[in-house]
Amino acid sequence: MHETAETDIAVVGAGIVGVACALQLARQGRRVTLLDRQAPGHGASFGNAGHLATEQVFPIADLSILKRLPRMLLDPMGPLRLDWKYLPKAMPWFTRLLLNLRPAPFQRSVAGIRRLNEASLGAWQQLLGSIGRSELFHAAGSLLVFERPESRQALAALQARLQQQAVPVDYWSAHAVRAAAPQLSESLLGGLFFPRTGHFIDPYRVVCALFEAAKASGVRFVQAQVEGGHLHSGGVSLASAQGTFNARQVLLSCGAHSARLTAALTGKRVPLDTERGYHLMLPGEHQRLPFAVTSLERKFIMTPMAEGLRLAGTVEFAGLEAPPSMQRAWQLHRLSKGLFQQELSVEGATPWLGFRPSLPDSLPVIDRVCDGRVLLAFGHQHLGLTQAAVTAQWVGRLAERAGGAELAAYRLGRFGRF
C-alpha cells in the first residue's frame, strides 16, 4: 500500500540533519521522500541542549582526559558514565578514540570541526531567514563560567587555545557576568563569552518549521522504519514493513542508527557509537538567563527556551538498547545548586534521554559513495544541531556531484579502504 512511485532521493532520518537536507534537495528540484520510524524531530533532535556551539572546535576528548578518566568513571552521577556491561562492545570504539588523540589525527579533527563550525552560524541564519522563521534563533552569544580560583589558569589556557583556532572569545570579569545575567550567583568569578554563538528557543520547533517548509517544497514524508536495502543498476531499494521504497539515490541521515544501513548498502562497517545524553526541562524558569550558560567545573549547560530552562550535558556509554537512567537527568538540577541566587524550581520538570551519534575522530561522515547512489550525513556527535544547516548545503553539492576535495576530512573512506 505504501510502495512509492519512483523518487529521486529517499532521505532516511527525519531529525534536524535529515529534514534540513530534504529541504535543500527539494529546493534543488529533486523529488524527495523522507522516511523515519518516528514523526519528524522525535529523536535526538527533540531534546538537545539547543546551543549553537560554534565555539566547540575541539574533539570530544583529548589527552588530559586520560588522567581524569578513572575518577570520572567511578562516579555514577559524574559527567561521563560507562556501563561496564557495554564495555566489551565499546572497546574497539574507545581504542580508535585513543588513537585519534595522537597529534596529527587530533589536529585533523580540530581543522575539520572548525571548518564546519565557522560556517554554521551564517548557514543557520540564511536557512531560517529563507523560511521566514528567524525568530527561532537568538544570536545572543553564550557564556562559560567558573567559580573556583584554581580554575582560572585552566580558563586562561582554554582561551588561548581557542584564540589560536580563531574562535571569537572574550574574558568576562565577575562584574561583567553579573551585569549580563544578574540572577547568577555572586560566587561566580568570571568566564569566557562567545559572541558568535547563540541558542534556539526550541529545537523541536525548529525541526517542525523546516519540515513544513520541506513539505511546501514537495517533500513527501512516510512514517516507516527502514530495515535494509540493496543497490541495483537503477538506484536503491529500501525495505520496510510498510513496503519497498525505490529511489535513484538514498541519503542516510538517521543519526545513531546509521551504521546498520550503511553496512547493508555499502558493505562498509562504520565505527559509530552513541553517547546517551540527558536533559531536564524546567517549565517554570523562563527569565533566569539571557543566553546559554555552561559551568566549567560542573560540566553542564543551561539554555533558556520558550518552554522554560533546559539543563543538559551528561554523557553515558551504554548503547541503544539499555534502559534510561533518568536519575542522571535529575542530577542536572542538583548540579545547578549554587549557580543562582535563588534555587531553580523543579515543579513540572520533565527528564529526557537521547542518542548522540559519535565517531571516534569526532568528525561526521558527509560523503557520496557507490557511484553516487548513496549519500551519507551522520555522526555529528554533540554538534548535530550546530552543523545541520551547513551539512545540508554540502549534501546539496554532493547530490550535484560537487564538493569533492573540500570534503576529504569527512569521507567514509577515512575508516579504511572502501
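# Position, pocket, cores and cysteines

Colleague: In which helix does Ala156 lie?

Modeller: This is a predicted model, in which local features need pLDDT of at least 70 and side-chain atom pairs count only at pLDDT 80 or more, while totals for chains, interfaces and linings use all residues. Residues are numbered from 1 along each chain as its sequence is written, and side-chain values use heavy atoms, with hydrogens and water left out. Helices (H or I, at least four residues) and strands (E, at least two) are DSSP runs, numbered from the N terminus. The run of residues 152-164 that holds Ala156 is helix α6.

Colleague: Is Ala156 buried, partly exposed or exposed?

Modeller: Buried means under 20% relative accessible area, exposed over 50%, and partly exposed in between, with a 1.4 Å probe and protein chains only. Ala156 has a relative accessibility of 42%, and therefore counts as partly exposed.

Colleague: Which element gives the most to the lining of the second largest pocket?

Modeller: On a 1 Å grid over the protein atoms alone, a pocket is an open set of points where a 1.4 Å probe fits, with protein on both sides within 12 Å along at least five of seven lines; lining residues have an atom within 4 Å of a point. The second largest pocket is lined by 14 residues, and Asn100, Pro105, Arg108, Asp361 and Arg414 lie nearest its centre. Both α4 (87-99) and α5 (103-130) supply at least two residues of this lining. With three residues, the element that gives the most is α5.

Colleague: How far is Arg414 from Asp361 in space, C-alpha to C-alpha?

Modeller: Arg414 lies in the segment after α11 and is partly exposed at 26% relative accessibility. Contact means heavy atoms within 4.5 Å. Leaving aside neighbours within four places in sequence, Arg414 is in contact with residues including Asp361, Leu363 and Pro364. Arg414 and Asp361 are 53 residues apart in sequence, and their C-alpha distance is 10.0 Å.

Colleague: How many residues does the largest nonpolar core have?

Modeller: A nonpolar core is a set of buried Ala, Val, Leu, Ile, Met, Phe, Trp, Tyr and Cys residues joined through side-chain atoms within 4.5 Å. Ile16, Trp124, Leu210 and Leu251 have the most contacts inside the largest core. The elements that give two or more residues to this core include β1 (7-12), α1 (16-27) and α8 (203-216). The number of residues in the largest nonpolar core is 53.

Colleague: How many disulfides does the model contain?

Modeller: A disulfide is a pair of cysteine sulfur atoms within 2.5 Å. For Cys21, the nearest cysteine sulfur is that of Cys254, 12 Å away. For Cys370, the nearest cysteine sulfur is again that of Cys254, 15 Å away. By this rule, the count of disulfides is zero.

Colleague: Is Ser362 buried or exposed?

Modeller: Ser362 is placed in the loop between β19 (350-358) and β20 (365-369), with a positive phi near 70 degrees in a residue other than glycine. Most residues other than glycine have a negative phi. At 1% relative accessibility, Ser362 is buried.

Colleague: Is Asp371 buried or exposed?

Modeller: Asp371 lies in the loop between β20 and β21, and its phi is also positive, near 60 degrees. The relative accessibility of Asp371 is 68%, so this residue counts as exposed.
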